[in-house]
Amino acid sequence: MLDLFSLSREELHRHLDELGDFHRYVADQVFDWVYRKHANSFADMTNISLSNRNRLAAVFSLELPSVADLQTSIDGTVKLLIELQDGRKVETVHIPELHRATLCVSTQVGCKLGCRFCRTGKMGFVRHLGTSEIVAQVVLARRMFGDKENVTNVVFMGMGEPLDNDDHLLAALAILGDDRGLAQSPRRTTVSTAGLVPKLDRLLERPTIGIAVSLNATRDDLRGWLMPVNRTYPLAVLLEALRSFPLPKRRRFTIEYILFAGLNDEPKHARELVTLLHGIPAKVNLIPYNENGIEGLSAPTEDRVQAFFEALAERGLQVNVRKRRGADIAAACGQLATVGTKTAGR
Ligand code: SF4
């Protein structure tokens, strides 16, 4: 059986063409039923002839991964534990706010990059998610939380380094953005990377997608300690890649900077960050570290966060402090991890 959630509308159309006797608009109809009307079976697709529904059901699977567990934070954040067909699990987090709701999507089971502050990194790498497993997280969330107004933004900041799984990521972005399907706005979609420099150019295939870069330090020694990827692509290489990246007009990179007490949260670090970002269209997201039991790392004080914020803002940088969301259910940044059948990191 072919997994329908792995196919773009054009690919589905080509398959139908090969099967023969399907009008071109049947692929549009199937996308409408699956992604907009949330049909669970071809039998529901009543504007397609009965014989064609039966032919479709014999070739394509509409099976989605299951939700093995669901935890709700006191702040309304919901963490879904998604069980894949091979029994592996990933986490997807829904973060409702006043005027938007963000879905944080995973791209790998585990991760190769081993960032010191990240529970997923501690798992090691298990495997990439397939295209359909990435798409399915958004489909499940849209079905559970209601449609577009309840999943307005999609961010690839869950488990895994998205650019390490670039082929499946880009195929999933094409499916998610299809205006006959989920029509997820690329301007409300962000891919976050730890800095896999050679893969950045793949995002030119989706030029209006938001790009976030997890920076977290202003010096190579500290960044290399926090993020081993820095030993391969040090700050100078990463920042030069951002400087020369042909970002569309009026677009900016989001620079994520996790503040750790005593490591990178002093005013001098803020000044260094301003210098490093010179010439790069960027806004900065400050993320006070969510303590998750990792030795040597602790959360900054509110005063330090405020002082860092002000030091950037008064030098003209657009800066935002990310609210802590879902920390009580280990759904906050850096806390996602799955081990066997249980959720770790609490
Ligand atoms: S922060 Fe991202 S890139 Fe680093 S280990 Fe965690 S999932 Fe991987």
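**Close-up views of a predicted model**

**View 1. Asp-69 stands opposite Leu-81 in S4.** Strand S3 and strand S4 (residues 78-83) pair in the antiparallel sense over 6 bridges. Helices (H or I, at least four residues) and strands (E, at least two) are DSSP runs, numbered from the N terminus, and two strands count as paired if DSSP finds at least two bridges between them. The model is predicted: local features need pLDDT of at least 70, side-chain atom pairs count only at pLDDT 80 or more, and totals for chains, interfaces and linings use all residues. Residues are numbered from 1 along each chain as its sequence is written, and side-chain values use heavy atoms, with hydrogens and water left out.

**View 2. The open sheet has 10 strands.** Their order is S3-S4-S5-S6-S9-S10-S11-S12-S13-S14, and the pairing is mixed. At the edges are strand S3 (66-72) and strand S14 (318-321), each of which pairs on one side only. From one strand to the next, the twist averages 20 degrees. In general, strands of a sheet pair through backbone hydrogen bonds, either parallel or antiparallel.

**View 3. Helix H5 (residues 131-145) lies across part of the sheet.**

**View 4. The largest nonpolar core has 107 residues.** Such a core is a set of buried Ala, Val, Leu, Ile, Met, Phe, Trp, Tyr and Cys residues joined through side-chain atoms within 4.5 Å. Val-30, Phe-117 and Val-284 have the most contacts inside this core. H5 gives the most to the core, with 8 residues. At least three residues come from each of domain 1 (2-61) and domain 2 (66-343). Val-30 touches Leu-4, Leu-12, Phe-42, Met-45, Ile-48 and Leu-56, not counting residues up to four places away in sequence; a contact means heavy atoms within 4.5 Å.

View 5. The bounds come from an automatic or database domain assignment.

**View 6. Ala-183 and Arg-250 have a positive phi although neither is a glycine.** The phi of Ala-183 is about 50 degrees, and this residue sits in the loop between helix H6 (166-177) and strand S10 (189-193). Arg-250 has a phi of about 65 degrees and belongs to the loop between helix H9 (235-243) and strand S12 (253-259). Are these residues buried or exposed? Ala-183 counts as buried because its relative accessibility is 16%, and Arg-250 is exposed because its relative accessible area is 81%. Buried means under 20% relative accessible area, exposed over 50%, and partly exposed in between (1.4 Å probe, protein chains only).

**View 7. Gly-316 lies in the loop between helix H11 (302-313) and S14.** Gly-316 has a relative accessible area of 66%, so it is exposed. His-278 is 38 residues from Gly-316 along the chain, and the C-alpha atoms of the two are separated by 11 Å.

Terms used. Axes are lines fitted to C-alpha atoms, for helices over the stretch in contact, and angles run from 0 to 180 degrees between N-to-C directions.
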